[in-house]
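I opened my notebook for a walk through this model, with the sequence beside me. Here is what I looked up, in the order I went.

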Amino acid sequence: MPENSAETLQKRIEERLRYYEDLGIKLFYKNRSGSGLARANGTSGPAASIPIVSEEELSLRKPVSQPQPQSHSAKPPVVPPSIAPAGVSLFTDVQKIKDDTLLKIREDIGECIRCKLHKGRNKIVFGDGNPKARLVFVGEAPGADEDKQGIPFVGRAGKLLTQMIEAMGLERQDVYICNVVKCRPPDNRKPEDDEVSTCSPYLLRQLDTIEPKVLVCLGAVAAQTLLETNRGISQFRGEWMEWRGHKLMATYHPAYLLRNPAAKADVWKDLQKVMAELGLQLPKKSKS
Ligand code: SF4
């Protein structure tokens with residue numbers, strides 16, 4: 001069906017807004033009617049009504065419902081230090097939602113069935129900790145214990161993370177802990193690309209709402225998702241990155257440390273950098 005460019009753009013904007021609304025993101029715009037969409041196209045009204053949608057963005061992003069799910073391998077190569085070039089990021093151009101709160105985000109998730117992970121979950125594992133934390137840990141996905149309790153990092157790996165936090169002179173309630181996907185993948189497999197792309201907007205909103213000074217990505221999935229890179233975590237682990245104005249440190253996942261205890265020394269080095277950034281003193285009991 002022939003369409004002029006304005007009609008095509010409007011149609012694509014409408015699809016994009018429906019996609020975000022399906023994800024529970026309802027505050028990017030004031031009106032999903034034709035008049036509201038027209039404002040996004042600059043034909044009338046304040047352009048700020050739809051701050052996140054641009055023609056360039058629409059050309060680079062595909063709704064999850066389309067038959068070509070994004071895969072990490074299909075993404076453009078990321079330029080070191082692993083922040084995606086402008087215009088190709090899922091996150092870089094997305095503006096913060098005004099007056100968003102963790103409660104609103106949780107309400108928007110609801111009893112989510114937006115990706116296939118809902119089929120096997122027991123509880124959605126949203127996140128836990130201080131909503132104003134200066135330090136946020138982002139993991140990969142809930143495991144069996146987390147799925148039972150609805151709380152992130154409560155299994156063996158979680159206990160190790162708690163020890164790491166306490167070694168930094170903090171308590172779990174001082175920090176915020178969450179995952180890239182909120183539902184447990186079957187058999188604890190790695191989340192698939194379509195699951196990550198469907199669920200990660202909630203993570204984005206959580207991080208934008210908490211506004212931590214430092215983000216620590218636990219493992220490759222969290223780091224590669226936020227930094228939108230295919231690079232192996234060992235290539236940039238322990239280096240400071242920037243993500244939406246926050247300092248980001250990628251380190252190994254506690255589950256990896258359970259399998260490879262020798263890597264604990266590397267992680268502790270990374271956490272000491274985080275402590276220095278946050279002005280935390282090494283607890284005396286940990287000096288020996
Ligand atoms: S993983 Fe995220 S997107 Fe998928 S069903 Fe759970 S909450 Fe919804």
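**Ground rules.** I am working with a predicted model, where local features need pLDDT of at least 70, side-chain atom pairs count only at pLDDT 80 or more, and totals for chains, interfaces and linings use all residues. Residues are numbered from 1 along each chain as its sequence is written, and side-chain values use heavy atoms, with hydrogens and water left out.

Six strands make an open sheet, in the order 1-3-2-4-6-5, with mixed pairing. Strand 1 (128-129) and strand 5 (240-243) are at the edges with a single partner strand each, so one side of each has no neighbour in the sheet. For my own record, strands (E, at least two residues) and helices (H or I, at least four) are DSSP runs numbered from the N terminus, and two strands pair if DSSP finds at least two bridges between them. As a reminder to myself, strands of a sheet pair through backbone hydrogen bonds, either parallel or antiparallel.

**Strand 2.** Is strand 2 buried or exposed? Five of its five residues are buried, so the rest of the structure largely encloses it. I use buried for under 20% relative accessible area, exposed for over 50% and partly exposed for in between (1.4 Å probe, protein chains only). Leu-135, Phe-137 and Gly-139 lie on one side of strand 2, Val-136 and Val-138 on the other, and all are buried. Strand 2 pairs with strand 3 (residues 176-179) in the parallel sense over four bridges; there, Val-136 has Tyr-176 as its bridge partner.

**Strand 4.** Next I followed strand 2 (residues 135-139) to strand 4, a parallel pairing over four bridges. Leu-135 stands opposite Val-214, and Val-138 has Cys-217 as its bridge partner. Strand 4 (residues 214-218) is mostly covered too, with five of its five residues buried. Val-214, Val-216 and Leu-218 point one way, while Leu-215 and Cys-217 point the other.

**Strand 6.** Strand 4 runs parallel to strand 6 (residues 246-251), joined by five bridges, and Cys-217 is partnered there by Ala-250. Strand 5 runs antiparallel to strand 6 over four bridges, with Trp-243 opposite His-246.

**Lys-247.** I stopped at this residue of strand 6. Its relative accessible area is 30%, which means that Lys-247 is partly exposed. Contact here means heavy atoms within 4.5 Å; not counting residues up to four places away in sequence, Lys-247 touches Lys-213, Val-214, Leu-215, Trp-240, Met-241 and Glu-277. Glu-277 is 30 residues away along the chain, yet the two C-alpha atoms are separated by 9.0 Å.

**Positive phi.** Which loop holds Arg-244? Arg-244 is in the loop between strand 5 and strand 6, and its phi is near 50°, a positive value in a residue other than glycine. Arg-244 is partly exposed at 24% relative accessible area. Asp-99 also has a positive phi, of about 60°, although it is not a glycine. Asp-99 lies in the loop between helix 3 (55-60) and helix 4 (102-109) and counts as exposed at 53% relative accessibility.
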